[in-house]
Amino acid sequence: MQTLLIIDGNAIMHRAYHALPPFKSADGTPTNVVYGYLSMLNKVIVDFKPDYLISCFDTPEKTFRNELFKEYQSQRPKIDDDFITQIPLVKQAVDAAGVVRMEKPGYEADDLIGTITRIFETNKFRVVILTGDKDIFQLITDNVFVAAPQLGLANIKIFDKSEVEKKLDIAPNQIIEYKALVGDPSDNYPGASGIGPKTACKLIHQFGTVENIYKNIDKVESEKLKKILKKERESVLLSEKLATIMTDVEIDLDIEKLKFKGFNKKLIDFLTQYQMNMLTKRIFSIKEVEKKEEIKKNPDQIGLF
């Protein structure tokens, strides 16, 4: 079974920004996000040896979730300028490396990841998603896994169905139901006020889905809980929509273009420009770096290589 590796671009950029101290190139450009992103990308490529590779990103435009709920993600703090400056640099690095990059206005990277995951899974691929976002757990199946960075950038934990159940007490495909009931403070949607994680899990174990809960509302034993569910029904159903990662976004995807056979040597020039010399040596062999340097010094000799 061949492997597709999907990188959750924004999640990994945030992880890099908070894991590494601020540092800059000689011209003052902040580079810790770029460095962390490429370090993590290189690590998972070495670890998982993917046959196919793609990196997905959010866009600045509002998504359909903002249309559904105006307060969606509205409480998030302003992003630091040093982070914003590096977003286009990360995308330049991804392009220089020859890695396919995808983003689509109106949708989050999660929705692109969900859509790509299901396309490849249908075509009998193993899919590994690199992300620090637990929302992605809902995509996990027998052949879909999440690689989640732990402390810093060095350690990665693999989540399969059993790991999710161990951690959350529910199956991956029940995460939407869970978030519909408890909400998500990080994305600023409410769920049902008065229902916490333990109660949500109990309801999910008993009824399976939000739809079944409301179809069988009279079977809810606690009168207090029954009252909360009835009162919060609209909020629960809205939260269910907000929590659901789309898997059918219209995208232009040529599977063959995602084939990965190593980083493009153009990445050496990018890394050299921002003085990431140690990272260059980690990603590329010394011979490749020396060859690039020789071509730069003697452009007339390029035919020799």
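**Notes on the predicted model**

1. Residues are numbered from 1 along each chain as its sequence is written, and side-chain values use heavy atoms, with hydrogens and water left out.

2. What does Asp135 pair with? Asp135 forms a salt bridge with Lys179, and their closest N and O atoms are 2.3 Å apart. The pair links distant parts of the chain, 44 residues apart: Asp135 sits in the loop between β4 (126–130) and β5 (144–149), Lys179 in helix α7 (residues 175–182). Lys179 counts as buried too, at 7% relative accessibility. A salt bridge is taken as a side-chain nitrogen of Lys or Arg within 4 Å of a carboxyl oxygen of Asp or Glu. Helices (H or I, at least four residues) and strands (E, at least two) are DSSP runs, numbered from the N terminus.

3. Both partners of that bridge turn up again around a cavity. The lining of the largest cavity includes Asp135 and Lys179, along with Arg65, Tyr72, Glu108, Asp110, Asp187, Tyr189, Leu242, Ala243 and Ile245. Sorted by class, this lining has 6 charged residues, 5 nonpolar and no polar ones. For that tally, Ala, Val, Leu, Ile, Met, Phe, Trp, Tyr, Cys and Pro count as nonpolar, Asp, Glu, Lys and Arg as charged, and the others, Gly among them, as polar.

4. How much space lies in the largest cavity? It holds about 60 Å³, and the count comes to 1 cavity of 30 Å³ or more. Rolling a probe the size of a water molecule over the atoms shows where empty space is left. In detail, a cavity is a set of points, on a 1 Å grid over the protein atoms alone, where a 1.4 Å probe fits but cannot get out, and lining residues have an atom within 4 Å of a point. Grid points are joined across faces, edges and corners, and the volume is the space filled by probe spheres set on the points.

5. Other salt bridges deserve a look, as the whole structure has 17 of them. Glu163 bridges to Lys166, with the closest N and O atoms 3.3 Å apart. The two residues are about one helical turn from each other because they are 3 residues apart in helix α6 (residues 161–168). Glu163 is buried at 18%, whereas Lys166 is exposed at 62%. In the bridge between Asp81 and Lys78, the closest N and O atoms are 3.5 Å apart, and both residues are exposed. Lys91, Asp95, Arg101 and Glu103 are linked in a network of salt bridges.

6. Now to the nonpolar cores, each a set of buried Ala, Val, Leu, Ile, Met, Phe, Trp, Tyr and Cys residues joined through side-chain atoms within 4.5 Å. The largest has 48 residues, and those with the most contacts inside it are Leu4, Ile6, Leu181, Ile195, Leu203 and Leu229. Apart from it lies another core, of 38 residues, including Val44, Phe57, Tyr274 and Leu279. Within four places in sequence aside, Leu203 is in contact with Leu181, Ile195, Gly208, Ile213, Val220, Leu225 and Leu229; contact means heavy atoms within 4.5 Å.

7. Two backbone spots are worth checking. Most residues other than glycine have a negative phi, and most peptide bonds are trans. Lys124, which is not a glycine, has a positive phi of about 70°; Lys124 lies in the loop between α5 (109–122) and β4 and is exposed at 64%. Gln275, also not a glycine, has a positive phi of about 55°. Gln275 is in the loop between α12 (266–273) and α13 (277–283), and is partly exposed at 39%.

8. Finally, the overall picture. The protein chain has 14 helices and 6 strands, and its C-alpha trace spans about 80 × 40 × 35 Å along the principal axes. Of its 305 residues, 47% count as buried. Among contacts between residues at least 6 apart in sequence, 68% join residues at least 24 apart.

Methods:
Buried means under 20% relative accessible area, exposed over 50%, partly exposed in between (1.4 Å probe, protein chains only). On a 1 Å grid over the protein atoms alone, a cavity is a set of points where a 1.4 Å probe fits but cannot get out, and a pocket is an open set with protein on both sides within 12 Å along at least five of seven lines; lining residues have an atom within 4 Å of a point.
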